[in-house]
2 protein chains.
Amino acid sequence: MRSETTHGIHLSHKIAGMKTNRRNFIRTTGLLAIASTASIESVFATSAAFPSKNKKNGLSLSFVPHELQLKHVFTLANSSRKTTPDVLTKIDFQGYTGYGEASMPPYLGESIESVIRFLSKLDLNQFTDPFQIEKIMHYVDSVDEGNCAAKAAVDIALHDLTGKIMKQPWHNIWGFDKEKTPNTSFTIGIDTPEVVRQKVAEAEPYKILKVKLGRETDKMMIETIRSVSDKPICVDVNQGWPDRSRALEMIYWLKEKGVVFVEQPLPKTAIDDNAWLTQNSPLPIIGDEAVQRLADVKKAWGVYSGINIKLMKCAGMREAHQMLTAAKALGMKVMIGCMTETSCAISAAAQLSPNADWADLDGNLLISNDPYTGMEIKQGKICLTNESGIGIDVKEKLF
Amino acid sequence: MRSETTHGIHLSHKIAGMKTNRRNFIRTTGLLAIASTASIESVFATSAAFPSKNKKNGLSLSFVPHELQLKHVFTLANSSRKTTPDVLTKIDFQGYTGYGEASMPPYLGESIESVIRFLSKLDLNQFTDPFQIEKIMHYVDSVDEGNCAAKAAVDIALHDLTGKIMKQPWHNIWGFDKEKTPNTSFTIGIDTPEVVRQKVAEAEPYKILKVKLGRETDKMMIETIRSVSDKPICVDVNQGWPDRSRALEMIYWLKEKGVVFVEQPLPKTAIDDNAWLTQNSPLPIIGDEAVQRLADVKKAWGVYSGINIKLMKCAGMREAHQMLTAAKALGMKVMIGCMTETSCAISAAAQLSPNADWADLDGNLLISNDPYTGMEIKQGKICLTNESGIGIDVKEKLF
């Protein structure tokens, strides 16, 4: 079995601030099943294709699992959870360190074990120039399909690293106007009228409310919010409306209630129906589940009014920036979204926000164990720092 | 009459290396008509809207006309010329200098006087952060429509400046792989078979030949080249074929002769015909005259297989990079082209070339008074330097 520190890959086993040995780590993160079937090497060790020689001047990738503790229980249609699996990364190069992150909400198919398995296969040490981001990410993409959160964790760390070498934050490097950052929305979950009213009160600092619809309770939710707030609302249906005509009726009703856009109202596979709805809707229709990576932008044109870009879907900042540029060139609206994430991935996504129409970047506010500080929300508006790279500071050193 | 050096704008009057007073300069550059009708201030002085206070920490723009001397007479359908009007720019900021350029081949409608008039209207001194490229270029765009070469001269200087501050060339900042630069094509003008054969011999170092077609002599030109060379040929028709069916016939013939693509075969206004041709053509059809700026990319999708991006058409590197990104996201081919230019604008355009399919960046090779060195062609291939910004050095200091 290989050493965990060979070949420039350093595995640190420390979860939520608690030092742990390998076996504890495995238990804690639910990897026991894998471990007990003797495939532990495939999770922790480097792949067979890994070169035996370690370049001193190459990029050095490290990563550590970091289960995110949610401040409140997160409820979805068929489940609820109090944690989000997450892996933190860093790339060291010539005295500089770039930070990255992979967040894996369970419904996207990645997990701590899949991310560790993927990152362990990578030989970033073969690269001696971190500015070759396209070449490096092309290699990372070629190692295996999918694994977008794991890939984003590499891409974000590369951007943080190169931004630090250039001594500029990426919003500057991209030439954006940092004063143009949008307000972020704050999500109100589906709940009883009493809890909804309480959540709206908690959302006082935020200027836009986001509501998840797609149930029997849709109108009740909106009416409850409207009984206590006249803030703009954006609506995320998560493919929850099966019928386009009823969807259109609902959208007309929502427009009357001060809703500003509707995200993924119909199933992503119903392309013609989504196009029909977009053509007839009085509100912008935003594609989320239908739009994962750059190649999906051209497919979304004519089907949706805009797209929701998330770093964990599109493998990082490089492709996110390309998606933003392409969507804007096509006259589409752009929303920058997130998962439950630390200030690392949130601050990385926020670098793009000056050129987005809307932002939903509240993921770091939902967790209690954020090891970083970075982008802040002030009076509901995203405020970017002048710090280099993705603009974060390490509050608690985990690796 | 205002001083020529107030408000951070410094006008230097020196043409093709020759110092000159204002009156000589005006004669030399054909501005006498304007001067004699008493509007000389509108050319040389700053606009009325110009603020009276000069910020010490603001951007300082200077420019100098520099008529490009062509090594060979350049022949078009109805004219021939031995010079190209050109204006060199620089932006100074905190000890750094960024260089830019506007090249104005007469058929594009800009001139030395229009560029000077436009640049004189700009108050870049109001900006104290050169990284706010989007904000600055939005302001520059708002001053007047058109004037794309003049705008490019500002944008290129800003990129050179910020690249130098970050100590990186733009191909690195954009994350491109500089090994992926394409071969540049070399243009063979319409001429007698004897001269054409001689030009093909001169083009020995180049791996792709570019031929201007759209006359009675089209087949003769191709056959003459093929009698002495089997290099790939690309064809630029400059809207010269009026009929789509005959164009398609010709393209089938060209394919047999080893032509790789056809640029702007039909008039740019014939959108349906161009779309039909693209759909039926065995070779890629590239839009040039039809595609000026970013907004034209989405119009080109479905009408052309690819686009020809030129800095002087699209107002500089920022928009060129956006056009490249958008076109690639749409699955379109991209060619990076140029005018007759110094190594300044050519090296700026070359920064984009690693992600282009084809390049036609021979403009600096056609002139005898290039004050800069930068991107070089080695065995036909574009070779980028590691120097910061747009990667040029000043060979002859003109201002």
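I am working from a predicted model.

**Interface**

I looked up the contact first: 29 residues of chain B touch 29 residues of chain A. The two chains bury about 2400 Å² between them, and 55% of that is on carbon and sulfur atoms. On the chain B side, I noted B:Phe131, B:Lys298 and B:Ala329 as the residues that lose the most area to chain A, together 20% of what that side buries.

Next I checked the polar links. I found two salt bridges between chain B and chain A. One of them joins the side chains of B:Glu134 and A:Lys180, at 3.6 Å from N to O. Six residue pairs are in polar contact between the chains.

Which elements of chain B give two or more residues to this side? I listed helix H5 (133–143), helix H7 (170–173) and helix H14 (317–329) of chain B. H14(B) gives the largest share, six residues. By class, I recorded twelve nonpolar, nine polar and eight charged residues on the chain B side.

**Sheet in chain A**

I then followed an open sheet of eight strands in chain A, ordered E9-E10-E11-E12-E13-E14-E15-E16, with parallel pairing. Its edge strands are E9 (185–188) and E16 (358–359) of chain A. Four bridges join E11(A) to E12(A), and A:Cys234 has A:Phe261 in E12(A) as its bridge partner.

Last, I looked at two helices. Helix H9 (218–228) of chain A packs on the sheet, touching E9, E10, E11 and E12, and makes about 160 degrees with E11(A). Helix H10 (244–256) of chain A lies across E11, E12 and E13, at about 150 degrees to E12(A).

Key. Residues numbered from 1 in each chain as written. Chains lettered and ligands numbered in written order. Predicted model: local features only at pLDDT ≥ 70, side-chain atom pairs only at ≥ 80, totals over all residues. Heavy atoms only, no water. Contact = heavy atoms within 4.5 Å. Buried area = accessible area lost by both parts, 1.4 Å probe. Salt bridge = Lys/Arg side-chain N within 4 Å of Asp/Glu carboxyl O. Polar contact = N/O pair within 3.5 Å; in protein donor to acceptor, adjacent residues only side chain to side chain. Nonpolar A, V, L, I, M, F, W, Y, C, P; charged D, E, K, R; others polar. Pairing = 2+ DSSP bridges. Axes fitted to C-alpha atoms, helices over the stretch in contact; angles between N-to-C directions.
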